[in-house]
Amino acid sequence: MLNTFQQAPHAMLPVASHDEAARQEFSKSLKHFVQQGLLPGLQPAFQRRAAPAYERDTGHPARDRREIRAAMVTDPYFQHYAALNRISQELLWNSVIDSVERQLPVLNERAQALSAEGSATLRIDAGFEPPRYVTALDIHCMPGGYASELVPGDISVAALYDRGAYLYGMGFAGPLNDDMGRSVCNYIQRQLPGFKPRRILDMGCTVGHSTLPYKQLFPDAEVWGIDVGAPVVRYGHARAAALGVAVNFAQMNAEQTDFPDGHFDLIVSHILMHETSGRAMPRIVKECHRLLAAGGYVIHADLPPFDLMDPFTQFILDNETWYNNEPFWGAMRDLDQIQLAVDAGFAREQVRFATAPMAILESAAQGAAGYTDASASAVAEREFTAGEFAPGGGWEVLIAHKPAAPAQAGQADEKAVTA
Amino acid sequence: MSADQLKAQRHARGKRPQFYATPGLDQAMSMIVVLAQELHVLADRVDAIERVSKARGIDLAAEVDALVLDQPALDAREQRRQQLLERLYYLVRKEGQELAEADSQARYDRVISETAQA
């Protein structure tokens, strides 16, 4: 399958010159090649070369992802694979920075103008301190991270994220990079018929890629996206206005928001948890329990826990921890997330993992550029391949439900997650 | 670009891992991939030129394929290829020359020492 997926333009997205676009396409193709062309050679390199050498040196076989890693780091094939993977990431961000930098300060001015047009709220907290887990390292090697500003009111890192995250996902998340949000929306439609949230919160929304589909599914609901980065929240607000979707954005920490108890009927997050920390994640789950109204649902979409896969696949995925500035990536996958939800106050029988099928086929149906029926089907139906951003088939979601008080129990609550 | 143009951050906070034991090889690999990227940019630009021309009624791709080179063109291209190879293998050829002249680091060090005293 040739991946020619193209991102949908909108007023906030930086425009690439011919050569910038060619560099960006190259970095996207390079990621595809690393995964399709080099990654499959890791297993034979391990089995035929690194594993026997490790056993010879230590007297026992490599048993878990840490020992496999110890066996592989000196292997020349692995070194080429890992080095090229890192270089592809560096080329990706650099190729987008060229476009963003060239269009400053116009992009900043446009964000302000678009935000002023829309009816939705934008809240930036002047005294806000982003947590250390997003400032200590620039996550996934994105220069500047989510929170840094070149000038007051700056959105440059958010513009970088909007384009870069699309390239990083190689377009698998759809032309608006919103596949996770749309997939969870599809899951809600199919699995929770009759559920009609009045207020929806998306935690760690960055630029609102996955936030907007909820407003489209529930147009009468009040939808909020919160994030610790001021630039991404600003940009998200402007982007939503550019796309004509009325979603509120606020700079807030999901560990401790200032919304009242029981304020939201639906709380979601998308690839948030693995970018937090061992201390923050339980606090976020607790905050969800506090914010959730009776009868409501919390749905966290992230990447699968390690215990669902073999040690070699764990090793490949854990390279993100070591080589892509994802410090919590590995540790988060080792946590018992069901227990975290129980500790936060949810009843054990109301918490479970499920799979939300990828919505990418819809992009093909809508005739988006590069999204042909064949290429979209190939993405949606393929087996999970370690190292890919999109897991294939579906997104792993953690669902927790807070039953309604017995007297008010409705139809949706009877279909609770005990199924 | 004006002097007060905003400069974006280019480096991600966080120590970059070293993948190869050989010093400098990580940097060299990055340079090689960047060169491949630039080569691809040029190929896309040529492709764009052909497509834009075709839209204006000039089928550059077909005409380029059908182009018959005359003698001056053949000479110019051969000269360019040889010059490219000489630049590409500059250091290898330098080593060949040193071997032919029996040049060495010892001779270089001796010259430094002698020059200081003479």
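A salt bridge is taken here as a side-chain nitrogen of Lys or Arg within 4 Å of a carboxyl oxygen of Asp or Glu. The side chains of A:Asp98 and B:Arg10 form such a pair, with N and O 2.9 Å apart. The model is predicted, so local features need pLDDT of at least 70 and side-chain atom pairs count only at pLDDT 80 or more, while totals for chains, interfaces and linings use all residues. Side-chain values rest on heavy atoms, without hydrogens or water; residues are numbered from 1 along each chain as its sequence is written, and chains are lettered from A and ligands numbered from 1 in the order in which they are written.

The interface of chain B and chain A was examined next. Contact, defined as heavy atoms within 4.5 Å, involves 37 residues of chain A and 26 residues of chain B. The size of an interface is often given as the accessible area lost when the parts come together. Here the buried area (accessible area, 1.4 Å probe, that two parts lose on being put together, summed over both) is about 2,900 Å². Carbon and sulfur atoms give 59% of this area. B:Leu6, B:Arg10 and B:Phe19 supply 25% of what chain B buries against chain A, more than any other three residues.

Polar links also cross the interface. Five salt bridges are found between chain B and chain A. Polar contacts join 16 residue pairs, both residues at pLDDT 80 or more. A polar contact is a pair of N or O atoms within 3.5 Å; within protein, one must be able to donate a hydrogen and the other to accept it, and residues adjacent in sequence count only if both atoms are side-chain atoms. The side of chain B that touches chain A has 12 nonpolar, seven polar and seven charged residues. In this scheme Ala, Val, Leu, Ile, Met, Phe, Trp, Tyr, Cys and Pro are nonpolar, Asp, Glu, Lys and Arg are charged, and the others, Gly among them, are polar.

Over all chains the structure holds 26 salt bridges. One of them pairs A:Asp318 with A:Arg65, the closest N and O atoms being 3.1 Å apart. This pair links distant parts of the chain, 253 residues apart: A:Asp318 lies in helix H12 (residues 311-323) and A:Arg65 in helix H3 (residues 65-72) of chain A. Helices (H or I, at least four residues) and strands (E, at least two) are DSSP runs, numbered from the N terminus.

A cavity is a set of points where a 1.4 Å probe fits but cannot get out; a pocket is an open set with protein on both sides within 12 Å along at least five of seven lines; lining residues have an atom within 4 Å of a point. Grid points are joined across faces, edges and corners, and a volume is the space filled by probe spheres set on the points.

The largest pocket has a volume of about 580 Å³. It is lined by 27 residues, of which A:Arg86, A:Glu90, B:His11, B:Arg16 and B:Ser30 are the closest to its centre. Helix H4 (76-102) of chain A and helix H1 (25-55) of chain B each supply at least two lining residues. H4(A) gives the largest share, eight residues. The lining divides into nine nonpolar, nine polar and nine charged residues.

The second largest pocket holds about 290 Å³. Among its 16 lining residues, A:Gln6, A:Ala16, A:Ala21, A:Gln24 and A:Arg163 are the closest to the centre. Helix H1 (residues 18-38) of chain A gives the most, with four residues.

Six cavities of 30 Å³ or more are present. The largest cavity has a volume of about 530 Å³. Of its 36 lining residues, A:Tyr161, A:Gly204, A:Thr206, A:His270 and A:Ile271 lie nearest the centre. H7(A) gives the most to this lining, with three residues. The lining comprises 20 nonpolar, 10 polar and six charged residues.

Two backbone features remain. A:Leu104 and A:Pro105 are joined by a cis peptide bond, with omega about 0°. A:Pro105 lies in the loop between H4 and helix H5 (106-117) of chain A. A:Cys141 has a positive phi of about 60°, although it is not a glycine.

Technical notes. 1 Å grid on protein atoms, 1.4 Å probe; cavity = no way out; pocket = protein on both sides within 12 Å on 5 of 7 lines; lining within 4 Å.
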